Amino acid sequence: MLVLCPETRRAGNPVILWFRPERILHSDQDKMGSDSETEKAVKEKKKVVALSPIAKPLAGKKLSKRTFKLVRRAAENKCLKRGVKEVVKSIKRGHKGLCVIAGNISPIDVITHVPIMCEEKEIPYIYVSSKEDMANAGATKRPTCCVLVQTKPNKGELSEEEQTKLKADYDQVVSDVRELMASMF
């Protein structure tokens, strides 16, 4: 929608402003411009529809939240491998950890070999619904296909307090993932 700004017309410099209809506030929205409940439900539905058919075992809301918390803590402590290339390299080198894979990857061929490698090396893995959410948890702006959470950093040492917090979160998520995998088969 085009609107001519009246203040600038008087000054002799006409300015045309563009407004997007979806950004205009409606009566059911608050003054901050947040989405209404129906729009949020539609967005959630779009997230679920975009999942790939091989995304099993898929973490539920509670497990996803715990997993993202673990990924965030691992990223802060530099105990995280991001991306398919780094994760595959780490798995081939024998590093252990928890592999978190995004379920909305397209094309699927990019990540189909990762769960097989994890099963061969006996590394637990879990799918989460969104690569964007995983990127936010991993402290990157770029959406990430998969991450490998390790309990020890690549370089240097962690303080004992940080190490125990990371290990406790890691053990809790891994036990939940193993429980989910056991119920699947």
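**Close-up views of a predicted model**

**View 1. Thr144 and its surroundings.** Outside the four places on either side in sequence, Thr144 is in contact with Arg82, Gly83, Ala102, Lys131, Met134 and Ala135. The model shown here and in the other views is predicted. Thr144 sits in the loop between helix 6 (131–137) and strand 6. Is Thr144 buried or exposed? Thr144 counts as buried, because its relative accessibility is 8% and the cut-off for buried is under 20%.

**View 2. Gly83, a contact of Thr144.** Gly83 is found in the loop between strand 3 and helix 4 (84–92). Leaving aside neighbours within four places in sequence, Gly83 touches Thr144 and Cys146. Cys146 is one of the buried residues of strand 6. A second pair to look at is Gly83 and Ile111. These two are 28 residues apart in sequence. In space, 9.9 Å separates their C-alpha atoms.

View 3. Four strands form an open sheet, in the order 3-6-4-5. The pairing is mixed. Which strands lie at the edges? They are strand 3 (80–82) and strand 5 (125–128), and each pairs on one side only. On average, neighbouring strands of this sheet are turned by 20° against each other, direction ignored. Strands of a sheet pair through backbone hydrogen bonds, in either a parallel or an antiparallel sense.

**View 4. Strand 3 beside strand 6.** Strand 3 and strand 6 (residues 146–149) pair in the antiparallel sense. Three bridges join them. Lys81 stands opposite Leu148 in strand 6. Arg82 has Val147 of strand 6 as its bridge partner. Arg82 is also among the contacts of Thr144. Strand 6 is covered on both faces. On one side, Cys146 and Leu148 are buried. On the other, Val147 and Val149 are buried.

**View 5. Strand 4 and its two partners.** How many of the residues of strand 4 are buried? The count is five of five, and the strand is mostly covered. Leu98, Val100 and Ala102 are buried on one side. Cys99 and Ile101 are buried on the other. In a regular strand, side chains alternate between the two faces of the sheet. Strand 4 pairs with strand 6 in the antiparallel sense over four bridges. Here Val100 has Val147 as its bridge partner in strand 6. Strand 4 pairs with strand 5 in the parallel sense, over four bridges. In strand 5, Tyr127 is the bridge partner of Ile101. From strand 4, the chain crosses through helix 5 (residues 113–120) to strand 5. This β-α-β crossover is right-handed.

**View 6. Helix 3 on the sheet.** Helix 3 (residues 61–76) lies across strand 3, strand 4 (98–102), strand 5 and strand 6. Relative to strand 5, helix 3 runs at about 110°.

**View 7. Asp169 in helix 7.** Asp169 is found in helix 7 (residues 160–184). Why does Asp169 count as buried? Its relative accessible area is 13%, and buried means under 20%. Which residues does Asp169 touch? Not counting residues up to four places away in sequence, they are Lys69, Leu70 and Arg73.

**View 8. The whole chain, for orientation.** The protein has seven helices and six strands. Along the sequence, they follow the pattern β-α-β-α-α-β-α-β-α-β-α-β-α. Of the 185 residues, 37% count as buried. Among contacts with a separation of 6 or more, 74% join residues 24 or more positions apart. The accessible surface comes to about 12300 Å². Carbon and sulfur atoms account for 55% of this surface.

Methods:
Residues are numbered from 1 along each chain as its sequence is written. This is a predicted model: local features need pLDDT of at least 70, side-chain atom pairs count only at pLDDT 80 or more; totals for chains, interfaces and linings use all residues. Side-chain values use heavy atoms; hydrogens and water are left out. Helices (H or I, at least four residues) and strands (E, at least two) are DSSP runs, numbered from the N terminus. Buried means under 20% relative accessible area, exposed over 50%, partly exposed in between (1.4 Å probe, protein chains only). Contact means heavy atoms within 4.5 Å. Two strands pair if DSSP finds at least two bridges between them. Axes are lines fitted to C-alpha atoms, for helices over the stretch in contact, and angles run from 0 to 180 degrees between N-to-C directions. Accessible areas come from the Shrake-Rupley method with a 1.4 Å probe; for residues, only the protein chains shown count as cover. A crossover is right-handed if, with the strands pointing away from the viewer, the path from the first strand over the helix to the second runs clockwise.
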